[in-house]
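The sequence and the structure are shown first, and the description follows.

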Amino acid sequence: MPTPVDIAPARGKLGVMLVGLGAVSTTTIAGVLAIRKGLAKPIGSLTQMGTVRLGKRTEGRSPRISEVVPLSSLDDLVFGAWDIFEDDCYAAARTAGVIDRTLLDRIQPDLEQIKPWPAVFDRRYVKRLDGPNVKRGHNKKELAEQVIDDIHAFRRNNNLDRLVMVWCGSTEVFMTESPAHQTIEAFECALETNDPAIPSSMVYAYAAIREGIPYANAAPNLSADIPALVELAARTGSPLAGKDLKTGQTLIKTIVAPGLKARLLGVEGWYSTNILGNRDGEVLDDPESFKTKEESKKSVLDYILQPQLYPDLYDHLCHLVRINYYPPRGDNKEGWDNIDLVGWLGYPMQLKINFLCRDSILAAPIVLDVALFLDLARRANMRGIQEWLSFYFKSPVHAPGLYPEHDLFIQLMKLKNTLRYLKGEELITHLGREYYD
Ligand SMILES: NC(=O)c1ccc[n+]([C@@H]2O[C@H](COP(=O)([O-])OP(=O)(O)OC[C@H]3O[C@@H](n4cnc5c(N)ncnc54)[C@H](O)[C@@H]3O)[C@@H](O)[C@H]2O)c1
């Protein structure tokens, strides 16, 4: 039997710091508060509802995940947030328009207590937004120190034992790695010289990681996915996860594509289009922010279908992704997928998917799970990139030289095997010879 990993208990309060108090954050916070009061169920959350099989199929052991590994209880979560707007969490949730007013009103006093701290923000990186609740400083290093002061005050004022940070801010403009991102020294120097290669999300990520706090990125922008911050995380012990929550159309893509590939059906074309009317949609209407999102959405199919291994099936795949900002829809996104398939002897077929989803309703349980699992990882001394959390992301962060795993079912197996490994249980290979010997 393997030995269990030493994991510190989930004692005391966990501070969950969200950067951005928009649709995803307010839906997460209001959801947790409502669930805590018994007003709703945590549907979509593995940490709250998921089970994991332990041992052989004949043993009948499938405990809840929360009984297998020590996770923070929802009662012990305390939320804090930064935003460029001054609205408290109740007002921000009303603006986001995701959760019904009747439910929000029942938790109004608790939501109103969450008032966003001034943000690190620069319009250069999110062109369609501007707001008044913004920090001032001589350089980005000074702004990072102000974020660290907010973190310390939050910890002190709420008597917190541990912290996690999740970027739920808007998608920043498309950027690629630059020399300032390569080493900790170069990065810290770039903070002091106000190098444009450091967008706001990296300032928050740096603050969290320097403090040894777990950090996740719910959006597709680079943020902590650069060598300097991965190296800093290895030093300070921060676990990292990201990027871009796998919700809506990409979630469906990573469910359907592995199935088509499993049956070796060819795919000639995959056209995906969305209409979306929330603030995220408005930000993504800017071509530079959309480019960041597009890169994240498009890479999924290449990795799942592996055209280099199956050139006859996928080499000429035409994959197009469109996002259309359409205000009347609000957060209720509608996605259409048209898939042109090829079967036996080259005969064409078509599959059409019309998903009328609710973006933030799909995102909120992911934010909760990622926060709780990152806190678990911290207590288990698992530092740096947490590939076992790929399950939740469109562009999973991964070690250099590795390709990311996008298949949702392989990702889930990896996640559950990690929990078995932590607990010192046998990993499940699905070989199953022993049942027939
Ligand atoms: N909703 C989903 O299903 C989903 C899925 C995947 C990824 N995402 C990503 O998650 C992020 C949040 O989505 P959302 O729907 O909540 O968007 P949103 O526009 O409702 O909220 C984002 C919030 O971040 C704030 N913000 C922007 N820059 C900031 C900064 N530098 N500091 C502090 N606050 C800042 C904005 O003022 C806004 O209130 C987006 O980047 C989106 O692309 C969302």
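Predicted model: local features only at pLDDT ≥ 70, side-chain atom pairs only at ≥ 80, totals over all residues.

Y215 has L240 of β5 as its bridge partner.

Helix α7 (residues 140-158) also packs against helix α9 (residues 200-210), at an angle of about 55° and with the axes 9 Å apart. Because of that angle, α7 counts as oblique to α9. The crossing of the two helices is right-handed. On the α7 side the contact involves K140, L143, A144, V147, I148 and I151, and on the α9 side V203, Y204, Y206 and A207.

In soluble globular proteins, nonpolar side chains tend to be buried together. The largest nonpolar core here has 102 residues, of which M165, V166, V203, Y204, L229, V367 and V370 touch the most other members. Helix α15 (residues 359-379) supplies the largest share of this core, 12 residues.

V166 illustrates the packing: leaving aside residues up to four places away in sequence, V166 touches L18, A216, A218, V367, V370 and A371.

## The mixed sheet and its helices

Another open sheet consists of four strands in the order β7-β6-β8-β9, with mixed pairing. Its edge strands, β7 (318-325) and β9 (348-356), each pair on one side only. From one strand to the next, the twist averages 10°. Strand β8 (residues 334-342) pairs with β9 in the antiparallel sense over nine bridges, and L351 in β9 is the bridge partner of I339.

Helix α13 (residues 287-305) lies across β6 (266-276) and β7, running at about 150° to β7. The axis of α13 comes within 10 Å of that of helix α11 (residues 248-262), and the two cross at roughly 20°. That angle is why α11 is described as roughly parallel to α13. Here too the crossing is right-handed. The residues that meet are T250, K253, T254, A257, P258 and K261 in α11 and K297, V300, L301, I304 and L305 in α13.

## Backbone features in the loops

Most residues other than glycine have a negative phi, and most peptide bonds are trans. Which bond is cis, and which residues have a positive phi without being glycine? The cis peptide bond joins G242 and K243, with omega about -15°; K243 is placed in the loop between β5 and α11.

Q306 has a positive phi of about 50° and is found in the loop between α13 and α14 (311-314). Q306 counts as partly exposed because 14 C-beta neighbours lie inside 10 Å. L345, in the loop between β8 and β9, has a positive phi of about 65°. With 5 C-beta neighbours inside 10 Å, L345 counts as exposed.

Terms used: Residues numbered from 1 in each chain as written. Core = buried A, V, L, I, M, F, W, Y, C linked by C-beta atoms within 7 Å. Buried ≥ 20, exposed ≤ 12 C-beta atoms within 10 Å, placed from the backbone. Contact = placed C-beta atoms within 7 Å. Pairing = 2+ DSSP bridges. Axes fitted to C-alpha atoms, helices over the stretch in contact; angles between N-to-C directions. Parallel < 35°, antiparallel > 145°, perpendicular 65-115°, else oblique. Left-handed = near helix turned anticlockwise from the far one by under 90°.
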